[in-house]
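Hi everyone, thanks for coming. Let me put a structure up on the screen, and then we can walk through it together.

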Amino acid sequence: MIYPVTMRSGVISEITILPGHDKAGNPEPFDRIVIRPGDTLSIVGPTGSGKTAFINDIEVFACNDTATGRTVLVNGEIPEEDFIRDPSKKPIALITQNTKCLADMSVDAFLSMHVRARKMSDPAIIAKTIDLANQFTGEKIQPGCRITALSGGQTRSLMVADAILISNAPLILLDEVENAGIFREKVIEVLKDHDKSVIFVTHDPLVSLLSDRRLVMRHGGVEKILQPDGREVRIREMVARMDLTLCRFRERIRAGELLTEQGFPV
Amino acid sequence: MKLLIIAGPPSAGKTAVTRQIIRHFLGTKKCAFLKIDVVRAFEDEELREEFHIPARKIYSGDLCPDHTGIMVLKDALSWAKGLETDIFIVESAGLCLRCSPYVTQSLGIVVLSAVSGMNSPLKMGPMISLADVAVITKTDLVSQSEKEVFREKTKEVAPAIDIIETNAIQGTGLRFLMRAIDQQAEISDPATILLRGIPPLGVCTICVGKREIGWQNHFGVVRKLDGADDIFRGD
């Protein structure tokens, strides 16, 4: 499977990360990390362990010129400059924790501006993007809503949908997607359906367990790479059920109910 | 000696970009710095203390900072040359969005902030169109789509400009700016340096202190509400 994005030099079949070093200068204990279409990775570790720096290295296509000394390759080579510098050719969308939409305009005007900047011609793309965003959030986004009036979860949902459909980025980097209160499982499912590669920086057990691989960070470097290969499936199913239970409680609390059951099935 | 002229609106991150340039070349090239500002500026003191480089400032006061820059640039080049400077960085105030302090034989850098609104490049004109490089800062704070739209609008004003997106505090993506500086030619002949464009008009009866409203009370450069075009004519 190859990415459906044609570029001057062809298509992207993989993105490779070559090791750098941790904060003390110790080399990272891996040969290379290869990301292919449809892969999901989560990056875990304590605060300050270098999780965000890792995805920033990918976003700027580091070539041994960042604090970590890592190098990022596309199809095994140093990418062409257009890939890195022209956002319409760049195969990566980064959605950071502090990313906001500052534009004070309606959702459909905002999206159509992006569509124009991308020189796309599909007239239905805006409605599709809003529909997709609405699958990620419980509070429906209306096309006429002001961007600045959207909740954190709605904004994050809209940006993920925009990255999938309008930016059409094959690799999406999501920094703490769980913070915004969006349907994480649905996001992961849709990203897989669209054959996107995703890297989650996360503290969330469910997001971590739903990823194919886990990078464990420590002191600014990758400490180890875990590949569960199905060994975590029992716990993953249990965590998914617990998550669903908590979601239901959350919805009932939001709806103003008292939760008076004397126990509950997980 | 290479000359860099940095312009951009207030709070766009001009000094953050300057810091990254000085830090990058520290130890290999000798930098000197001049700040042109209107009322108060602290950049010279900060940079001198942080990097131990020669740094100074000049206040334009009642004059347009661009006019001040043009007036003092020749003296400033001699000052920097006398210090055996390799890279001389001149940072302008950039207040009225009409500034265009770039000269020939220099690298003109406009610093724009991605959070200033997506139409802001369209409001600036020669500050962008006469620059060689546009450094767009704070791109970590806006959405992907806003970043892309900001870029398109900048290119609308200056189709051939070299656009570099960065979080200037972290210095991400600035390797392309450093490369442009590396490739920049040295000043060949200071006596032939010319301003690239025409600066905003800076002398009129309002500038010199007449405060009455209405064009009937002024002379030199006047403008009526109706029937005026963008070219101001003396009256």
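Predicted model: local features only at pLDDT ≥ 70, side-chain atom pairs only at ≥ 80, totals over all residues.

How many residues of chain B are in contact with chain A? There are 18 of them, and they meet 24 residues of chain A. On the chain B side, helix 5 (144–157) and helix 6 (175–183) each supply at least two residues. Helix 5 of chain B gives the largest share of that side, with eight residues. And what are these chain B residues like? They divide into seven charged, six nonpolar and five polar.

Now let's turn to the core. The largest nonpolar core has 115 residues. Which residues have the most contacts inside it? Those are B:Leu4 and B:Ile109. The helix that gives the most to this core is helix 5 of chain A, residues 152–165, with seven residues.

Let's stay with B:Ile109 for a moment. If we leave aside its neighbours within four places in sequence, B:Ile109 is in contact with B:Leu4, B:Ile5 and B:Ile6, and also with B:Ala131, B:Val133 and B:Val135.

Last stop: A:Glu189, which you can find in helix 6 of chain A, residues 184–193. Why is A:Glu189 called partly exposed? Because 13 other C-beta atoms lie within 10 Å, while a residue counts as exposed at 12 or fewer and as buried at 20 or more. A:Glu189 and A:Leu210 are 21 residues apart in sequence, and their C-alpha atoms are 9.7 Å apart in space.

How values were computed. Residues numbered from 1 in each chain as written. Chains lettered and ligands numbered in written order. Helix = DSSP H or I, 4+ residues; strand = E, 2+ residues; numbered from the N terminus. Contact = placed C-beta atoms within 7 Å. Nonpolar A, V, L, I, M, F, W, Y, C, P; charged D, E, K, R; others polar. Core = buried A, V, L, I, M, F, W, Y, C linked by C-beta atoms within 7 Å.
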